[in-house]
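I opened my notebook to look up cavities, pockets and helix contacts. Here is what I worked from.

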Amino acid sequence: MDASKTLIKDIHIYQAVSRISKPIADATHDISKIAFYVLEVESASGEIGQGYLLSFHYSPNAIEGALKDLRRFVLERDYRVYETAQIQKDYEIESEYFGIVGLQRWALATLNVALWDVWSRMNKQPIYRMFGCHRKPIPVYGSGGWLSYSDEELVEEVVDYKKRGFTAVKIKVGSPDMERDIRRLHLVREAVGPELKIMMDANQGMDVPSAIKLISLVEDIGIFWFEEPVVNTDFEGYATIHAKTHISLAMGEREYSTVALRELIGRRALDLWQPDLIRLGGVEAWRDSAALANAYNIPVLPHYYKDYDVPLLATVSNPYGAESFDWIDAIIDEPMTIQNGFALQREGDGWGFRFLPQFMTEVK
């Protein structure tokens, strides 16, 4: 391949909104809009790659500023699309004064994802074939169960997941009234039957005693695992919950590094690692964290980005499953196929999908 064709020629920033956008809420957030930013990278050969981040309604000026700053930095230099490690190193030095953890890492990770898309497309390969991979099918679970749902909406969602072949669903907990959480979990169990797995997610909205109490009060319906029962920095809290209950604990979506993973491994207080591709910094950081988890026999169950996570899970030895939302399905050209609770790998080049132009508004 002619090396000159691999130079990064241009970067464009777009905003997109889910066609099923509506207000939702968990134990710690009221979310008014399901929206995204899409970074589009063009190589000198004319190949296009995309990466996106989930933005909701939060801080649009700050997010756009971080993406614009990164775009300017990259385009002022002669980077090639495969120089993801060099770009990360250089930009972390550039960003150090105000901190690379936070929005600047989100921007860098979104670029990283787009660059892997370009490079894989130039090599005419799907992402999962760019690394050593296995043929294990990747299970997915239906995520939602928002606290803002009425009982009818909650039951409708989980029944729909079951009809579509999902074998597991995740429900939000952490209501001010614990009795409401218990009632909702029982409603879900009654609606989906005994075979479907049910998980619960407090989004850091509980304290240690209330988390332990809730676990004890719903043992009879069989909760498969409990995500983020308490704040992500309360390592001793996780250890206490783990020691005093018999439920598997999952966390990791808030992390910008593997510090929490290492701390919880040391306390034997974690059963499932949930890396967030964008918070961690991109493909390499995601895979590095999976390798660390694997060294301690902790399976990988990533946060949110199924269209990226499913191919990446095929490149690690300890995949547990992926979280499934339908938020981008109606605004991309190739929604992921899910059959009988398993996601099928896309065989198209790169990540195998693109956002549809009619749903993207360019940010100038």
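**Entry 1: cavities**

I began with the largest cavity, and its volume is about 50 Å³. A cavity here is a set of points, on a 1 Å grid over the protein atoms alone, where a 1.4 Å probe fits but cannot get out. A volume is the space filled by probe spheres set on the points, with grid points joined across faces, edges and corners. I noted that this is a predicted model, where local features need pLDDT of at least 70, side-chain atom pairs count only at pLDDT 80 or more, and totals for chains, interfaces and linings use all residues. Residues are numbered from 1 along each chain as its sequence is written, and side-chain values use heavy atoms, with hydrogens and water left out.

How many cavities of 30 Å³ or more does a search of the whole structure find? I found three. Next I looked up the lining of the largest cavity, where lining residues have an atom within 4 Å of a point. Among them are Pro 126, Ile 127, Tyr 128, Met 336 and Trp 351. That lining has seven nonpolar, two polar and one charged residue. Ala, Val, Leu, Ile, Met, Phe, Trp, Tyr, Cys and Pro count as nonpolar, Asp, Glu, Lys and Arg as charged, and the others, Gly among them, as polar.

**Entry 2: pockets**

I moved on to pockets. A pocket is an open set of points with protein on both sides within 12 Å along at least five of seven lines. The largest pocket holds about 480 Å³ of space. Its lining counts 26 residues, and Phe 56, Tyr 58, Trp 106, Arg 254 and Arg 279 lie nearest the centre. Two elements, α3 (103–122) and β7 (168–172), each give two or more residues to this lining. Helices (H or I, at least four residues) and strands (E, at least two) are DSSP runs, numbered from the N terminus. By class I wrote down 12 nonpolar, five polar and nine charged residues for the largest pocket.

The second largest pocket has about 360 Å³. I listed 16 lining residues, with Ile 20, Lys 22, Tyr 149, Glu 157 and Asp 326 nearest its centre. Which helix gives the largest share of this lining? Helix α4 does, with five residues. The classes here are eight nonpolar, one polar and seven charged.

**Entry 3: helix contacts**

I followed α4 (residues 151–163) to its contact with α5. Their axes come within 9 Å and cross at roughly 35°. Axes are lines fitted to C-alpha atoms, for helices over the stretch in contact, and angles run from 0 to 180 degrees between N-to-C directions. Leu 154 and Val 158 are among the α4 residues in this contact, and Leu 187 and Val 188 are among those of α5. Contact means heavy atoms within 4.5 Å. I counted eight nonpolar, no polar and four charged residues there.

Then I checked α5 (residues 178–192) against α6 (residues 208–217). They pack at an angle of about 35°, with axes 11 Å apart. Met 178, Asp 181 and Ile 182 of α5 meet Ser 210, Lys 213, Leu 214 and Leu 217 of α6. This contact has four nonpolar, one polar and two charged residues.
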